[in-house]
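This report describes one protein model, beginning with the surroundings of a single annotated residue and moving on to a sheet and the helices beside it.

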Amino acid sequence: MALSIGFWAFKTLAAAHELDLFNHLAGRPGTTAGELAQALGLHPRPAEMLLTGCAALGLLEKADGRYRNTPLSEAYLVRGKPYYFGGFVQMADKRLYVGWDNLAEALRTNRPTTWDPAVQSSMFEGEDPMMLATFWEAMHSLSTMTARQLGEAVDLNHFRRLLDIGGGSGAYDIELCKQYGELRATVFDLPHVAAIAAGKIAEAGLTDRIETVGGSFFEQLPKDHDVHLLSMIMHDWDEAKNRALLRRSFEALPSGGAVVISELLANDEKTGPAPAALMSLNMLIETEGGRNYTPAEYSAWLEEAGFRHIETIWFDAPAANGAVIGRKP
């Protein structure tokens, strides 16, 4: 039953976010169903049902007859907060929910359902600008929280220049540079994405330590960096592309350099864990050849590329449960 109605909870969250409920309640002492109905233009009956549902899910709490945000909602669902997660909620609702509705089709055809390969070259190109903006806002919120855990689990003290390959909005670089005062970083991504990262970096006041470079990591990688980060990148691509990317990383790194692959790792037995297994199915509806891989698979590819002293470090974060690290002799 819990599996069957899992979408009920998600759609309650998504509808509340779309109606701007959490922003409306931010910093307020609370609301009644009647007040909310008037403020958001709802009928009293559904307004009360929405408040009850959100309270049941731990998104709201009730005191003295009034509903208010819980600390969770106040921190993650109010626009403008440092770790605002609403971008991901919106992307899941407007993009992924539709794609997952056609999961059986993706399983039968081995083709993505959130975009048409006959029309665009990849999920990252040719999209509606509004949907792309939603996608990158979602990735920024997801990456920010994951980067904090990665920085605590993996010791980067011995490195000075990080190359974030496919670095998106720069969330990892911003968080890791905050944690490591001597670290400098480069976000390397497609030119239009690098421009998004430049804006986020400026907002964080880190333009003196983080730069952006536009380009394709399938063609070449910038040099003069002693650690490479591949976070939520390799699950987008098939084995051949990933092996070629790791060879390119090995060639660009100096002796003593390292590559860090941060992902939701499937276990070597391929029986879970659930977040990695379900993200892998998400890659079925989102990509042409991607899936979530195991530490054993990454380790074999790293060794083939020339890396040594390969290890897996486990941690717990929204977008990753571990990092596979290889070092160049």
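## Surroundings of His235

Beyond its neighbours within four places in sequence, His235 is in contact with Glu263, Met279, Met283, Gly290, Arg291, Asn292, Tyr293 and Tyr298; contact means heavy atoms within 4.5 Å. The model is predicted: local features need pLDDT of at least 70 and side-chain atom pairs count only at pLDDT 80 or more, while totals for chains, interfaces and linings use all residues. Residues are numbered from 1 along each chain as its sequence is written, and side-chain values use heavy atoms, with hydrogens and water left out.

His235 sits in the loop between S6 and helix H11 (239-252). Helices (H or I, at least four residues) and strands (E, at least two) are DSSP runs, numbered from the N terminus. With a relative accessible area of 6%, His235 is buried; buried means under 20%, exposed over 50% and partly exposed in between, for a 1.4 Å probe and protein chains only. UniProt, in an unreviewed entry, lists His235 under "active site". UniProt positions follow the numbering used here, feature names are shortened, and annotations may be inferred rather than shown by experiment.

## The sheet

Seven strands form an open sheet with mixed pairing, in the order S5-S4-S3-S6-S7-S9-S8; two strands pair if DSSP finds at least two bridges between them. At the edges are strand S5 (210-214) and strand S8 (308-314), each pairing on one side only. From one strand to the next the twist averages 20 degrees. Angles run from 0 to 180 degrees between N-to-C directions, and axes are lines fitted to C-alpha atoms, for helices over the stretch in contact.

Five bridges join strand S3 (residues 161-165) to strand S4 (residues 184-189) in the parallel sense. Asp164 stands opposite Val187 in S4. Helix H9 (residues 171-179) packs on the sheet and touches S3, S4, S5 and strand S6 (227-231), its direction making about 175 degrees with that of S4.

## Helix H10

Helix H10 (residues 191-203) lies across S4 and S5, at about 165 degrees to S5. Its 13 residues should span 18 Å at 1.5 Å a residue, and the end C-alpha atoms are 19 Å apart, which agrees. The expected span is 1.5 Å times one less than the number of residues.

Val193, Ala194, Ala197, Lys200 and Ile201 are the buried residues of H10. Seen down the helix axis, they fall within an arc of 115 degrees, so they line one face of H10; the arc is that of the directions from the helix axis to the C-beta atoms. Pro191, Ala195 and Glu203, on the other side of H10, are exposed. Just after H10, Gly205 has a positive phi of about 70 degrees.
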